[in-house]
Structures are given as C-alpha cells and as structure tokens.
Amino acid sequence: MTLLEETREKFKQDRYATEVTGAEIIAVDKGYAKTQLKIEPRHRNVVGGVMGGAMFTLADFAFAIASNTGYPETISISSDIEFLNAVKGSVLTAETHCERAGRRTCTYRIPITDDLGTRVAG
C-alpha cells in the first residue's frame with residue numbers, strides 16, 4: 001500500500017472533513033499535504049459565495065495530514081485564515097508543507113487556490 005493510500009485510509013476517520021465537507025487527499029509526504037474540495041451547492045452561503053467554514057475545514061484537513069505524516073501526533077494550538085478573493089472556480093485546493101518543525105511547535109502556511117489559479121484564502 002502506498003503512503004497516499006495509507007493516509008487516505010487513516011484520515012477516513014476525520015469524518016467532518018471527508019464525509020460532511022467532502023474534502024479529498026490528493027498528495028502526501030512527510031510534513032506535506034495537498035487536499036481538494038469540489039464545490040457543491042452545500043458549500044455556498046446565502047449570497048452564493050463559498051462558506052468560509054468550508055475553506056477553513058479544507059485548510060485544517062491539509063494541516064492535520066501534513067503535521068501527522070512523518071511526525072509524532074500533532075494538534076493545532078492556534079490557527080487563523082484570511083479570505084482574499086471570491087471563489088470563481090469549481091474546485092478548491094489547499095497545499096501545505098512544514099516551514100518549521102521545533103521540539104514542541106511547528107509552523108505551516110496553507111494557501112487555498114481555486115482551479116482558475118486565484119488565491120482565495122490562506
């Protein structure tokens with residue numbers, strides 16, 4: 001079984017990201033993850049935009065995968081997101097890698113882009 005297959009199997013247990021939100025794992029390596037979300041009507045808010053919570057979930061899922069692949073079990077102690085542009089495409093991608101791995105804390109930045117190449121959050 002490949003690392004990607006093992007990771008997908010393990011993170012099926014993250015039911016909010018996978019079942020409720022529909023996030024998928026596209027790529028994984030030690031300290032690295034790429035996740036995607038196909039935008040559906042359930043991801044839209046009352047004015048038709050993509051819900052911030054859907055984008056945050058996609059980023060959080062990428063962090064969970066990257067920080068728990070090749071490192072001891074890791075949780076977030078702090079996170080924030082900036083919404084930069086409206087989503088015009090139909091697929092969101094969150095990609096991250098470990099920028100700094102200390103003994104007790106680590107740092108990840110997680111830009112989110114749509115399939116038209118626009119950075120929409122991060």
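Visitor: What percentage of the 122 residues in the protein do buried residues make up?
Guide: The model is a predicted one. A residue is taken as buried when its relative accessible area is under 20%. Of the 122 residues in the protein, the buried share is 35%.

Visitor: In what order do the elements of the protein run from the N terminus on?
Guide: The protein contains three helices and six strands. Read from the N terminus on, these elements follow the order α-α-β-β-α-β-β-β-β.

Visitor: What radius of gyration does the protein have, and what does the globule rule give for 122 residues?
Guide: The protein is as compact as a globular protein of that length, because its radius of gyration is close to the value from the globule rule for 122 residues. The C-alpha atoms fill a box of roughly 45 × 30 × 25 Å along the principal axes. The radius of gyration is 14 Å, and the rule gives 14 Å.

Visitor: Among contacts with a separation of 6 or more, what percentage do residues 24 or more positions apart account for?
Guide: A contact requires heavy atoms within 4.5 Å. Among contacts in the protein with a separation of 6 or more, the share from residues 24 or more positions apart is 59%.

Visitor: How many aromatic pairs does a search of the whole structure find, and which geometry does the pair of phenylalanine 11 and phenylalanine 61 have?
Guide: The search of the whole structure finds two aromatic pairs. In the pair formed by phenylalanine 11 and phenylalanine 61, the centres are 6.1 Å apart and the planes stand at 75°. Planes over 60 degrees apart count as edge-to-face, so the count is two and the geometry of this pair is edge-to-face.

Visitor: Which helices does the pair of phenylalanine 11 and phenylalanine 61 link?
Guide: The two residues lie 50 residues apart, and their pair links distant parts of the chain. Phenylalanine 11 is buried at a relative accessible area of 9%, and phenylalanine 61 is buried at 1%. The helices are α1 (residues 3-11) for phenylalanine 11 and α3 (residues 52-67) for phenylalanine 61.

Visitor: Phenylalanine 63 forms an aromatic pair with which residue?
Guide: This pair is edge-to-face, with 5.3 Å centre to centre and 85° between the planes. It links phenylalanine 63 in helix α3 with a residue 45 residues apart in strand β4 (residues 106-109). The partner is tyrosine 108.

Visitor: Is tyrosine 108 buried or exposed?
Guide: Buried means under 20% relative accessible area. Phenylalanine 63 has 12% relative accessibility and counts as buried. Tyrosine 108 has 13%, and therefore counts as buried.

How values were computed:
Residues numbered from 1 in each chain as written. Predicted model: local features only at pLDDT ≥ 70, side-chain atom pairs only at ≥ 80, totals over all residues. Heavy atoms only, no water. Helix = DSSP H or I, 4+ residues; strand = E, 2+ residues; numbered from the N terminus. Rg over C-alpha atoms; globule rule 2.2 N^0.38 Å. Buried < 20%, exposed > 50% of the residue type's maximum accessible area, 1.4 Å probe, protein only. Phe/Tyr/Trp six-rings, centres within 6.5 Å; stacked < 30°, edge-to-face > 60°.
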